[in-house]
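Subject: Structure handover

Hello,

Please find the structure below, with the sequence alongside. My notes on what was found follow it.

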Amino acid sequence: MSVQAVYIHIPFCHEICHYCDFAKMYYHEGIADSYLNSLNEEISMYIKDEPVSVRTIYIGGGTPTSLNENQLEKLFQTISNYFNIEKVEEFTIEANPGEFHEGHVKLMAQYGINRVSLGVQVLDNDYLKEMNRIHTVDDVERSVQLLQQYGLTNISMDFIYALPSQTLEHFETTLKKALSFDLPHYSSYALQIEPKTVFYMRYQKGKLSKPKEEVEAQMFHSLVNLMEEQGLQHYEVSNFSKPGYESKHNLTYWDNVPYYAFGAGAHGYLNGERYVNLRPVNHYEDRIKQGLKPVLHSEIVTLKEQVEEEMFLGLRRKSGVSDHHFKERYRFSFFDLYQEEIDYLVNKEWIVQRGDTISMTHDGMLFGNDVFASFLINDDVWNKKFPIDSHS
Amino acid sequence: MTNKRQENIRNFSIIAHIDHGKSTLADRILEKTKALTDREMKDQYLDAMDLERERGITIKLNSVQLEYEASDGEDYIFHLIDTPGHVDFTYEVSRSLAACEGAILVVDAAQGIEAQTLANVYLALDNDLEIIPVINKIDLPSADVDRVKQEIEDVIGIDGDEAILASAKDGKGIDEIMERIVTDIPAPEGNQEDPTKALIFDSLYDSYRGVIAYTCIKEGSLKIGDKIKMMQTDKEFEINELGVFTPNPVKKKELSVGDVGFLTASIKNVKHTRVGDTITLAKNPADEPLPGYRRLNPMVYCGLFPVSADDYNDLRDALERLELNDSSLQYEAETSQALGFGFRCGFLGLLHMEIIQERIEREFNIQLITTAPSVIYEVEMSDDEVIEIENPSLMPETQQIKEVREPFVTASVMVPNEYVGPVMEICQKKRGEYSDMQYMDENRVNIVYDIPLSEIVYDFFDRLKSQTKGYASFDYELSGYKPSDLVKMDILLNGETIDALSFIVHRDFAYHRGKQIAEKLKNLIPRQQFEVPVQAAIGNKIIARTTIKAMRKNVLSKCYGGDITRKRKLLEKQKEGKQRMKMVGKVEVPQEAFMSVLEMDDDQN
């Protein structure tokens, strides 16, 4: 299967958000220059000859727009040296409101960026400050206008809910404001308090209180209702779009197909192997200077794991998993393996079966982890079905 | 009539509190006699099982034959008989002491005599053993040799100056100990020509040879091919093998008076070689067995259930295997509405129970749900019939009961002076009745209480240790049954009585315990898809109620390329957690919940 998706990680930020556990560091011009050279080196280790064609490219971070205009142009040039950007169907960059300028946007338009994902998080200046976000609500409005001015109308906004002490009403206010922009795509995630973040430390010390689970569930209900009322389809657990505006790049993850990943701390999936790059930036660069791929760790995904992932990733999509499609890939029916689990989940009204396709219900999405975990296979069950694991 | 060989035999044990250095001393003695090559000499040779090593206690006894050339130029045969160091195994200790003529009493120079040690010293004195006191760890900065000497004098009545000062770790004092074994401990008495009497002091099951019985020849002798008879069980066998441990097993054709070794005789179950029984010859039997035999009865019961019903047969096999080696383990099939098929098992005490549980989980790889341990209650019914109840869920209705009696123990707690208050407070809270208090020396007190065994089964020892900064040592023995105002408490989850959670409690504590356990379960049982009421009830009367709220949301909202491996691990963890839970009716209950009645944190004040 030829690889159709590329992820590129820019780990720099002007401020570090209190909840973020991605690979990131404070922006420094010299380090960023050097990093972009390394990135070029890294890509050249994978793409040796002619530029290749892919369907989607996604530049994420960190904050890609923390780069200055020269650096951004250099990044785009690097990408265009290895990939036929004119043939890319979806070319996304993540951007922080208020952090990029007209010069950035011009470059985006010039190099074929056709989708911008704005990290808005919440539309309330006090909360933004509390999260150590750099922007204000006004910045969001200005940024959207600026992008639209240059024809970048395929904009997505990201929001976080269940923020410390956040109420349902507060979240709904943010959502309504967000929907007033009438954008084609929105994502919204519940706050995860991850280790090694400021929020985590505050939480451990009891200085930060999460909304109750009941409130979080109500927020999810509200999210889905408000989005659907606006004609935005709930196409994945946390993603909503107008028809045709689903994130093609993110769908590759849930479709369980391969993708390149470049940059410090980036995760890729190539030749049946998931890998993660070294982080932080200095470790990543050191390895590249030795002429080696900067991979920290990789593991072959066994057939059993592929099957499990096919199911638990695929079920994240509203469209679910079709047995027809599954059979084409694995040469057996998932009903052979999961009939009992499927019956159980259908009975609980967490999934529905239409024809040969199973998909999660709204309730199922609330208990997604329970649904997904049901598709992990006990070793003895698997071994009975496949006495010799072919690892293919 | 004794012969020269018999005169040079010395049979002895080492008595010590945990951590006072018994195993190290045993190792030094082995070294002195060159019993092992250096390569074989791994530290603490006598503690064989992993579990023993981990817990630092000896569960199975061992005996070793050692040769020692004393300073008088003569060669002596030492038999070092190891004893288990826990109160659950008092009877076994008494039987292995009965195989000896002497005992080395090891006392930590810093900590002095502990309750268990004292109990074992009394056992040794009961068996008329010569005692050689050794004050160990004299090099510790906190060592107080004079105080310990005084204690030995006051408490045991042996001249403190007779004590050998030693540091087994550095080999200090070991030579003197070896010589004193020769000079102080008498040779075994008994007559080679008399009808054979051999004491069984331990046995273990070997899948190839059957039961291996550890025995000490008190009268007469045993030879390969002899037809033997167990005097208590009346079973007869023919000896296949005889031998001694040096500590590696060495086969012998004959064992005679004073010898300590092993025999095999195609015996299929340790139940035929009861500890304390006397082996005699079928053809020329002794008139009377050796004194001191007792049949051991379990004191503590609990239900063992497999988490997965599929493991039921494996669990039965595991218990069968363990029983081969452990005559004090009892079990019978039990069916619980909540937990399905399992076994009601009887143990000598809490440690014994924990060891068996751990071995089943570890060696047989069966995940268990253990119900809270219970003692045996005597229930006198209205029709005067007396029944024994070892399973709380089987307690009859209050109206049918005339009186409930529960087992009491005499508990001795030895502590430094300043902890007398806290110890008495714990004992009072545990429904103890004060019985006696003795000063061991100016600093240490032995406090004696009569306490219901059921209270000891709960967290008694843990609380003692935490309230006395670990200084308390503790020993108990059954004193008898007394009437108590006891009631059965039922726990209802989602409106259904969960039989495995029922427990028996004194009426005065019932209300408080009921509330506590309901709260505790609320915290232990994860949220389910629906609201679950938790209730505590006596008869039909609900005395406490709380609610586990329904789970509302459980989903990883962000899942992109990057973190798939990590998300998978999260899901796997969740699944594993689920598999360790038991479906009780519609409610998923984690294992810990069934033990929750145990860990009552009654810090009411």
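What share of the contacts in chain A with a separation of 6 or more comes from residues 24 or more positions apart? The figure is 71%. Before going further, note that this is a predicted model, and the values here are computed from it.

The two chains

Chain A has 392 residues, of which 44% count as buried. Its secondary structure consists of 16 helices and 17 strands. Chain B has 605 residues, and buried ones make up 47% of them. Chain B contains 14 helices and 33 strands. For contacts in chain B with a separation of 6 or more, residues 24 or more positions apart account for 70%.

Nonpolar cores

The largest nonpolar core holds 161 residues, and the members that touch the most others are A103(B), L105(B), V134(B) and V413(B). Strand β23 of chain B, residues 401-416, gives the most to this core, with 7 residues. Another core lies apart from it and has 108 residues, including V54(A), Y82(A), A162(A) and L183(A).

If you want one residue to start from, take A103(B). Leaving aside neighbours within four places in sequence, A103(B) is in contact with F12(B), S13(B), I15(B), L97(B), A124(B), L129(B) and I131(B).

Where the chains meet

The contact between the chains takes 30 residues from chain A and 19 residues from chain B. On the chain A side, several elements supply at least two residues each, among them β8 (185-190), α8 (213-229), α11 (303-314) and α15 (368-374). By type, the chain A residues that touch chain B divide into 17 nonpolar, 6 polar and 7 charged.

Helix α10 of chain A

This helix spans residues 281-289, and its buried residues are V281(A), Y284(A), E285(A) and I288(A). Seen down the axis of α10(A), these buried residues fall within an arc of 95 degrees, so they line one face of the helix. What covers the buried residues of α10(A) includes β3 (25-26), α1 (29-46) and β13 (273-277) of chain A.

Both ends of the helix have something to look at. In the loop between β13 and α10 of chain A lies P280(A), which is joined to R279(A) by a cis peptide bond with omega about -5 degrees. After α10(A) comes G291(A), with a positive phi near 80 degrees.

Strand β12 of chain B and its partners

A hairpin through 3 residues joins β12(B) to β13(B).

Positions listed in UniProt

An unreviewed UniProt entry lists a "binding site" in chain B, and its positions include D19(B), K22(B), T24(B), N136(B) and D139(B). I looked at two of these.

K22(B) is placed in helix α2 of chain B, residues 22-32. K22(B) counts as buried because 26 C-beta neighbours lie inside 10 Å. Not counting residues up to four places away in sequence, K22(B) touches I14(B), A16(B) and V106(B).

T24(B) also lies in helix α2 of chain B. T24(B) has 21 C-beta neighbours inside 10 Å and therefore counts as buried. Under the rule that leaves out residues up to four places away in sequence, T24(B) touches A168(B) and K169(B).

Backbone points to check by eye

Most residues other than glycine have a negative phi, and most peptide bonds are trans.

- G61(A) and G62(A) are joined by a cis peptide bond, with omega about 20 degrees. G62(A) is in the loop between β4 (56-61) and α2 (69-82) of chain A.
- R431(B) has a positive phi, near 65 degrees, and is found in the loop between α10 (420-429) and β24 (433-439) of chain B. With 18 other C-beta atoms within 10 Å, R431(B) is partly exposed.
- N494(B) has a positive phi, near 55 degrees, and lies in the loop between β27 (486-493) and β28 (496-497) of chain B. With 17 other C-beta atoms within 10 Å, N494(B) is partly exposed.

Regards

Conventions:
Residues numbered from 1 in each chain as written. Chains lettered and ligands numbered in written order. Predicted model: local features only at pLDDT ≥ 70, side-chain atom pairs only at ≥ 80, totals over all residues. Helix = DSSP H or I, 4+ residues; strand = E, 2+ residues; numbered from the N terminus. Buried ≥ 20, exposed ≤ 12 C-beta atoms within 10 Å, placed from the backbone. Contact = placed C-beta atoms within 7 Å. Core = buried A, V, L, I, M, F, W, Y, C linked by C-beta atoms within 7 Å. Nonpolar A, V, L, I, M, F, W, Y, C, P; charged D, E, K, R; others polar. Arc of directions from axis to C-beta. Pairing = 2+ DSSP bridges. UniProt positions renumbered as here; feature names shortened; annotations may be inferred.
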